[in-house]
Amino acid sequence: MQRDNRLVTFQTAFARNYELAASRFHAAIDEIDKTIEHLQKTKTALLGTANNLRLANDKAQDVTIRKLTRNNPTMVAKFSELTNRDATDAG
């Protein structure tokens with residue numbers, strides 16, 4: 001009878017330890033899943049930022065003096081002055 005009692009005690013203790021370990025295992029897996037989800041969101045945000053920087057760079061590379069000054073009365077007058085001065089200096 002005592003042997004049966006020790007077996008039940010062992011099985012009960014083992015089952016308790018198993019449940020604690022399994023619970024911690026599942027909690028760790030859940031934390032890993034949350035971390036992966038967070039990292040994926042961060043990756044998506046960084047990729048979006050990289051795309052915005054690429055677009056901004058493309059626009060900056062497309063800027064010319066002509067585009068900046070087109071239809072700007074002040075700049076048209078300044079360039080006209082320069083053209084007139086160059087023509088006067090050359091003549």
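**A nonpolar surface patch and the salt bridges**

V63, I65, L68, F79 and L82 make a nonpolar surface patch of about 470 Å². Two helices contribute to this patch: α2 and α3 each supply at least two of its residues. Helix α3 covers residues 73-90, and F79 is found in this helix. F79 has a relative accessibility of 36%.

The model is predicted. The mean pLDDT of the protein is 90. A score of at least 70 is reached by 97% of the residues. Helix α1, residues 2-61, has the highest mean pLDDT, at 95. Helix α2, residues 65-69, has the lowest, at 79. Helix α2 is also one of the contributors to the nonpolar patch.

Charged side chains were examined next. Side chains of opposite charge can pair when their charged atoms come close. The count of salt bridges comes to four. Three of these are described below, among them pairs within helix α1.

E31 has a relative accessible area of 45% and is partly exposed. K34 has a relative accessible area of 51%; because this is over 50%, K34 is exposed.

Another pair in helix α1 is formed by D58 and R54. Here the closest N and O atoms are 3.2 Å apart. D58 and R54 are four residues apart, again about one turn of the helix. D58 counts as partly exposed, at 39% relative accessibility. R54 is partly exposed too, with a relative accessible area of 43%.

A further salt bridge links the side chains of K67 and D62, with an N to O distance of 2.9 Å. At 43% relative accessibility, K67 counts as partly exposed. D62 is likewise partly exposed, at 44%.

Conventions:
Residues are numbered from 1 along each chain as its sequence is written. This is a predicted model: local features need pLDDT of at least 70, side-chain atom pairs count only at pLDDT 80 or more; totals for chains, interfaces and linings use all residues. Side-chain values use heavy atoms; hydrogens and water are left out. pLDDT is the predictor's confidence in each residue, from 0 to 100. Patches are made of residues with over 30% relative accessible area and no salt bridge: like charges are joined within 9 Å, nonpolar side chains (Val, Leu, Ile, Met, Phe, Trp, Tyr) within 5 Å. Accessible areas come from the Shrake-Rupley method with a 1.4 Å probe; for residues, only the protein chains shown count as cover. Buried means under 20% relative accessible area, exposed over 50%, partly exposed in between (1.4 Å probe, protein chains only).
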